[in-house]
Amino acid sequence: MGKKGKKKCETPSKDKFEALPFEGKTPQTVVLLLSSPEEDILIKASETIYVFAEKGDENKVSLLGFGALEPLCRLIAHNNVLIRRNAIMALGTMAVNGDVTVALKKTDVIPSIIERLSPEEDRVVQEFATLCLASLSPDFVCKAQIFDNKGLPPLIQLLSSPDPDVQKNSVEIIFNLVQDYQCRVAVHELGGIAPLLELLKSDFPIIQRLALETLMNVTTDKDTCNTFSEEQGFEKTMEILNNKDLNDLHAEALHVLANYLSDSERVHLIHQGGGLATLMDFFLTPNSSEIQSIAVKCITRLAQSSENQKMLHEQNVEKVLVDYLSAADASVKTATCKAVAAMNLHLASKERFRELGGIPALVKALKVECVELIEAASHVLADLTHNNHLSNMAVYKAGGHAILVQQLQRSCPKTVANAAATLCNMAQQEAIRNSILSHGVIQALVEPLKSTDTQVLVNTTLCLAALACDEEDRAELLSAGGLQPLVNLLRSYHKEVLQSACLAVIVCASDEPTSVEMCKFGAVELLQEINQSVKRRSSFSESAMISLLKYNLSVKYSLTDHLTSTDVVSDGFYDAGKAHAGQRILTLEEFSKQPVNQQRPIIAVNTAIEQRQESDHQQEDVTQSVSPAEKPWKMVEDVSLQVLVKETKDYILSLDDEREQCAALARMVSEAMGGAVEMEKMHAFPWVLHLSELKIQLQSNVIPIGLITRGIYRHRALLFKCLADCIGMSCTMVRGEYDRAWNEVLLFGVDPSSGRRSLGPSRFIVDLMHRPERLLAVNTPAAVQYQYI
């Protein structure tokens, strides 16, 4: 275009300059002549400088070194038209050189250059003045000077110049200026939208591109978009998109439309006029990866409001998205996933996407090596499968569940979180859950439980809660080492992490082995701390504690001092005394391995009969070679308790009346524990010495309850509870103060006239200490005396 399109000439060497058509003067001499007071000399000198500068960058730099810049900057404001013209041509030509541009920035020439943009100046002056400003305008300071010196209005006027060079330079300057917000607004206010749109019809692609790039910036403003609409901007931009010969401009054109269509009202108007359908048709035509990527980004921007989602759905945008998921370019598929995620907020779109086969394409995207695509695809799958059985089944049929289990091992936290969320959603259906479990998901969830990312932790624990429904799955979690990191999450102060961890604990506490293991890791103490905090406690933490204690009756009794009739005492139960808040309750094995101390003994229950077979003897050689510290721990056999259990089953169950059964069992317990003791003689009852002797005899702090023959309230209450639970007799056990404990039973009264049961049952405390046949009605003076006095 114009003079800038001419082929560059050979440049002279550094040591010798060409002879100049100015009476044989050297360039340096000609530069000196630029300060002449004679106009004829100035005309010839400035023209000679222009011709010399046009021949190459080396000449431009030489002129800079000779000091040509200062006189040229002065001469562009000369009264003589020819001098002014030649000077601006020379300055504009030199300004395209980087070194000259740097030097020009240090001058105050911009106001003089802007004056040369006047309509009174000829086109050549306007061309080189705009060329000069185009070189300066990328600089932040120069942009401010151009704007402050009212350079924008004449530049907008020059957009309509018949000279394409002037148009190109002017739109380039404006493009640089509109990188700043105040200039973007000013372009609109000064009427710049219409001439910019007119430039889209230019015969020169560079002008069209610059106009589009400028529109990309200014259409981020709402008022500008309104004017853009009034000036038929959408239609004019669509003309470029529909012209295959201009496909190198399609990317910029799409960016402009994306800005324009960010407003729901404008989308509605375009939709009514059929413009949205035309845009969708363009999206479906074969395009380059770059265009497809921009297209889906445009859809994503459009889909930010529910109104736009509805209109896009009406135009079957899901077909475009499914089509783009088959693109070869990973960046296109990544951008498409984000568009699908935006459209997923519209329920009907969600269903259509599934119906069009979008889910298998997403599953396929999980198999690539592109981290960004995997993250985006997994995010969409998490959205699609939320409360949607059909989508869950579609992912399952596509084999997505197996791939998602593998994604749990990814290093990208978002991908892991998305995979866990999707698997959690799918696990709601039993058939799918079993298949997920068969791919080793329990093991795969262990490492994410150690993450520091809150969303990973929330989704992983929820997934674990959804999957660990069966005993064997919880056993796998235990053996995989997953319980300790799960319990550690109870230390979190993040509300969602804490609640989801509590939920997982509730599920995992459904079995005794996992429940006991979590207690070993301090779950009870952590939940105690949580439930004592006003800010951290919740129904989840309270339920987690209840669930955890269900299979840890020893811990429950230490913490709550109460066992209900449904809490069945079995082998392994032990009474460690009342626990203090926050105190970790040791396991029976840990207690048994402690050195004998002066503290109260731990009373243990063990009714199991050891199996003595020949195989035991075959192992003797092996066990003899193992030190005592390395031998597996086991409870001491309690033969005395075994005898009591047998007597209870043989005798007590033979009695028909429940009151007689209760009284008979009370007598049996009393006799086993040293018989009835009058209240006044309790101080002389030698139970303390007896227990101390047993500890020394056993060399252990743990005493089997059957060995106790001198027991008081708490020992008798435990033995009664143990034997009653063995025969299915309903009773509770409550700990009081000062070694007191008692059992409550629920018995029906008898009508003296008929000998039949009364309608309502009553609660009684069983006297095991003083008068074993006595049943004390709860809350009566006798019962209160037994409990507290």
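Reply: Let's start with alanine 783, which sits in helix H47, residues 781-788. This is a predicted model, so treat what follows as computed from that prediction. Alanine 783 has a relative accessibility of 0%, so it counts as buried. What does it touch, once you leave aside its neighbours within four places in sequence? The contacts are Ile765, Leu776, Ala777 and Val778.

The model has 47 helices and nine strands. Its radius of gyration is 45 Å, well over the 28 Å that the globule rule gives for 789 residues, so the protein is more spread out than a compact globule. Along the principal axes, the C-alpha trace spans about 140 × 60 × 60 Å. Even so, buried residues make up 53% of the 789. Take the contacts between residues at least 6 apart in sequence: 67% of them join residues at least 24 apart.

Another helix worth a look is H24, residues 347-355, where Ser349, Lys350, Glu351, Phe353 and Arg354 are buried. Which helices do those buried residues pack against? They pack against H21 (306-314), H22 (317-324), H23 (330-343), H25 (358-365), H26 (371-384) and H27 (389-397). After H24 comes glycine 357, and its phi is positive, near 85 degrees.

Positive phi also turns up in residues other than glycine. Glutamine 232 is one of them, with phi near 60 degrees. You'll find glutamine 232 in the loop between helix H15 (222-230) and helix H16 (233-241). With a relative accessible area of 39%, glutamine 232 is partly exposed. Aspartate 561 is another non-glycine residue with a positive phi, this time near 65 degrees. Its loop runs between helix H39 (553-560) and strand E1 (562-563). Aspartate 561 is at 12% relative accessibility, so it counts as buried.

Last stop, the cysteines. How many disulfides are there? The count comes to zero. Take cysteine 424: its closest cysteine sulfur belongs to cysteine 463 and is 5.6 Å away, which is too far for a bond because the two sulfurs would have to be within 2.5 Å. Cysteine 424 is buried, with a relative accessible area of 14%. Cysteine 726 is in no disulfide either, and the nearest cysteine sulfur, in cysteine 722, is 4.6 Å away. Cysteine 726 is partly exposed, at a relative accessible area of 29%.

Methods
Residues numbered from 1 in each chain as written. Predicted model: local features only at pLDDT ≥ 70, side-chain atom pairs only at ≥ 80, totals over all residues. Heavy atoms only, no water. Helix = DSSP H or I, 4+ residues; strand = E, 2+ residues; numbered from the N terminus. Rg over C-alpha atoms; globule rule 2.2 N^0.38 Å. Buried < 20%, exposed > 50% of the residue type's maximum accessible area, 1.4 Å probe, protein only. Contact = heavy atoms within 4.5 Å.
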